Amino acid sequence: MLAPVRLAVALIAAAVTATGAIPRILLAAGMLPEALRPFVWSDVLLVYVRGLSGHHLPYVDTPFEYPPLVALVSGIFSRASDSPVVFVTLWGALQALLAATTAWTLAGAASARAAAWRFALAPQLLLLGAANFDLLAVALLSAALIAARARRDAGAASFLALGTLSKLFPIAAAPILLARAARPARVALVGAGIIAIGYAAATLAGRSGATGPLYYLVGIDANFDSPWGLLTRVLDAAGVTQSQEIVVSITLVGLAATYLVAVLPLARAADPAVPFGLAVVTTLIWSRLYSPQYSLWLLPLFVLLPLSGRLFALLTAGDVIVFATVYPLTLVQWPPSDGVAAILFGALIIGVGVRLTALLGVWRALRILGSVA
């Protein structure tokens with residue numbers, strides 16, 4: 001593909017992400033219009049206000065639940081920031097750069113049209129790209145997919161490891177890479193070594209640096225905007241005790257069983273993006289912590305693989321509905337008997353259902369692609 005075309009797609013992705021970052025910057029400055037406040041959330045602002053203000057460092061000066069690479073960047077930005085506005089702006093600039101880098105990478109491996117419509121111009125990138133830190137891991141996962149396609153196993157392992165140090169989900173593809181590698185011991189050494197170094201440094205910095213993965217695995221209750229969070233509410237309403245523990249057990253066992261039975265057998269499919277994607281989608285289906293921005297993880301798959309436009313439209317519809325409902329329900333104090341809150345919650349259930357339907361459709365499509373290959 002011509003470099004100017006790739007550059008154009010990259011610049012579009014950067015502009016879309018930067019546009020989504022502007023309301024978060026205004027929120028940090030206390031200048032966000034009142035009408036937008038129920039729809040603008042920023043984990044970047046949250047971590048700064050909660051513990052990183054005053055040039056504090058993650059793990060060292062304050063507990064920090066995010067993985068080491070996010071902590072490293074946040075620490076650098078904290079040292080450079082005298083206010084939440086500066087901190088959120090620095091992260092916004094990095095998020096725009098990461099979106100551009102990902103778009104450039106994807107446009108070089110697929111058509112410019114696919115990279116533009118299914119990543120750079122995706123509503124998820126606008127609405128959710130600057131909400132959290134996920135674009136760092138998405139960029140690294142995209143690089144890992146391209147490296148695996150080129151049979152650069154050590155490079156793919158490095159990108160997956162760095163992605164895991166950014167947001168834990170890329171590690172789901174590690175067993176796939178090991179099963180495909182010509183020299184699995186070398187690949188395991190490279191990937192495990194990078195992860196070990198990252199978490200060793202985090203552990204030395206502070207206790208929360210070591211406990212982050214366990215915290216995400218069993219320490220957080222199910223999100224109410226995930227199917228498993230809704231199941232938890234049903235169990236609570238039915239008077240079932242220890243509903244959270246039950247859901248944790250179901251999701252962990254379900255994830256392990258599905259991975260072993262339905263994902264690993266397709267590890268050696270012709271296109272590594274298929275089993276890599278299947279591993280990620282399986283993780284999302286069983287995740288009780290599905291936050292809205294997690295759908296960003298799927299966008300590279302829609303660019304690189306022949307997944308239908310209908311599935312992309314279905315996922316987008318679910319994501320938009322969830323975005324339009326979960327934040328007002330979370331950020332606004334609703335009286336217990338408020339009818340608007342009930343309508344929003346009903347719409348949220350529909351959005352979660354639509355999104356889950358899209359995930360299951362993507363999972364099935366990847367299984368078919370892997371079996372045919």
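Start with the charges: select Lys and Arg, which count as positive, then Asp and Glu, which count as negative, leaving out His and the chain ends. The protein chain has 22 positive and 14 negative side chains, and the centres of the two sets lie 15 Å apart. Each charge is placed at NZ of Lys, CZ of Arg, CG of Asp or CD of Glu.

This is a predicted model: local features need pLDDT of at least 70, side-chain atom pairs count only at pLDDT 80 or more, and totals for chains, interfaces and linings use all residues. Residues are numbered from 1 along each chain as its sequence is written, and side-chain values use heavy atoms, without hydrogens or water.

Next, colour by secondary structure. You will find 17 helices and zero strands. These are DSSP runs numbered from the N terminus: helices are H or I with at least four residues, strands are E with at least two.

Now look for salt bridges (a side-chain nitrogen of Lys or Arg within 4 Å of a carboxyl oxygen of Asp or Glu). The whole structure has four.

Select Lys 167 and Asp 134. Their closest N and O atoms are 3.5 Å apart. Lys 167 sits in the loop between helix 8 (153–164) and helix 9 (174–180), and Asp 134 in helix 7 (residues 134–149), so the pair ties together parts 33 residues apart in sequence.

Move to Asp 271 and Arg 149. Here the closest N and O atoms are 2.7 Å apart. Asp 271 lies in the loop between helix 13 (243–263) and helix 14 (273–286), and Arg 149 in helix 7, so this pair ties together parts 122 residues apart in sequence.

Finish at Arg 37 and Glu 34, another salt bridge, with closest N and O atoms 3.5 Å apart.
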